[in-house]
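Open the structure in your viewer and keep the selection panel at hand. The stops below are meant to be taken in order.

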Amino acid sequence: MTPTLRIQSTPFDPAHEAALIENGRRDIGAIVSFTGLCRDEDATLAALELEHYAGMAEAEMARVAEEALTRWPLQALTIIHRHGRILPGERIVLVIAAARHRGEAFAAAEFLMDYLKTRAPFWKKEHRADGSVGDWVEAKAKDDAAAERWG
Amino acid sequence: MKALYFAWVRERVGRAEEEISPPPEVGTVGELIDWLKSRDETYAHAFENAAVIRAAIDKAHARHDAAIAGAREIAFFPPMTGG
């Protein structure tokens with residue numbers, strides 16, 4: 001099984017991506033989809049600017065996908081991550097895991113997000129609604145803790 | 001070797017990439033950070049809190065005790081905040 005892995009500046013459609021996985025398959029029992037969105041932070045945020053390390057981001061995404069595939073018998077896997085300027089309400093990241101059973105699909109999707117957040121080289125900078133350039137979003141210790149629980 | 005900088009490390013250094021030629025006694029990522037800090041105040045500021053700086057050698061995560069011998073590209077950046 002070859003996962004679908006993409007890093008792009010353009011928007012994506014989760015329903016379309018899930019349909020591509022379902023299409024013509026009779027063996028899949030569960031599809032778990034996670035979509036990460038850009039929050040408006042109580043209307044203080046104008047946009048997020050996502051910087052990435054081209055080349056390494058693709059390589060890390062492939063490593064994270066490979067790790068998931070060694071842990072769970074996934075039947076399909078899609079990961080899409082955007083970079084560039086992203087407005088509140090827009091989608092940033094998509095993970096879709098398909099498996100025979102829901103437990104595997106849920107676990108794989110959660111694992112993939114935990115690993116992506118702590119290993120994929122992306123950084124978020126805030127642009128505020130008042131026109132000023134805000135801070136770089138700080139990494140959260142709870143994200144590291146979430147990734148570490150997978151051992 | 002090529003040095004790359006991302007996010008606030010890039011902003012503080014003032015450039016996204018450059019060629020660097022550290023002396024042969026600089027053997028690890030951590031020693032390279034110390035050598036960069038010794039260059040001038042700009043690098044000293046960018047790398048002042050070295051413990052939070054992450055690094056990658058040839059596009060793979062590398063700890064501060066990793067050897068840099070043979071590296072073509074070394075990147076420095078803050079902890080990732082994607083997803």
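Predicted model: local features only at pLDDT ≥ 70, side-chain atom pairs only at ≥ 80, totals over all residues.

Residues are numbered from 1 along each chain as its sequence is written, chains are lettered from A and ligands numbered from 1 in the order in which they are written, and side-chain values use heavy atoms, with hydrogens and water left out.

**Stop 1: two helices**

Select residues 56–71 of chain A, helix H2, and residues 102–119 of chain A, helix H3. Helices are DSSP runs of H or I with at least four residues, strands are runs of E with at least two, and both are numbered from the N terminus. The two axes come within 10 Å and cross at roughly 150°; they are lines fitted to C-alpha atoms over the stretch in contact, and angles run from 0 to 180 degrees between N-to-C directions.

On H2(A) they include Met61(A) and Val64(A), and on H3(A) they include Phe111(A) and Leu112(A).

**Stop 2: one threonine**

Select Thr78(A), in strand E4, residues 76–82 of chain A. Is Thr78(A) buried or exposed? Thr78(A) is buried, at 3% relative accessible area (buried means under 20%, exposed over 50%, partly exposed in between, with a 1.4 Å probe and protein chains only). Leaving aside neighbours within four places in sequence, its contacts include Thr4(A), Glu17(A) and Ile96(A).

**Stop 3: chain B**

Select chain B, which has three helices and five strands. Along the sequence they follow the pattern β-α-β-α-α-β-β-β. Of its 83 residues, 48% count as buried. The C-alpha atoms fill a box of roughly 35 × 30 × 20 Å along the principal axes.

Methods:
Contact = heavy atoms within 4.5 Å.
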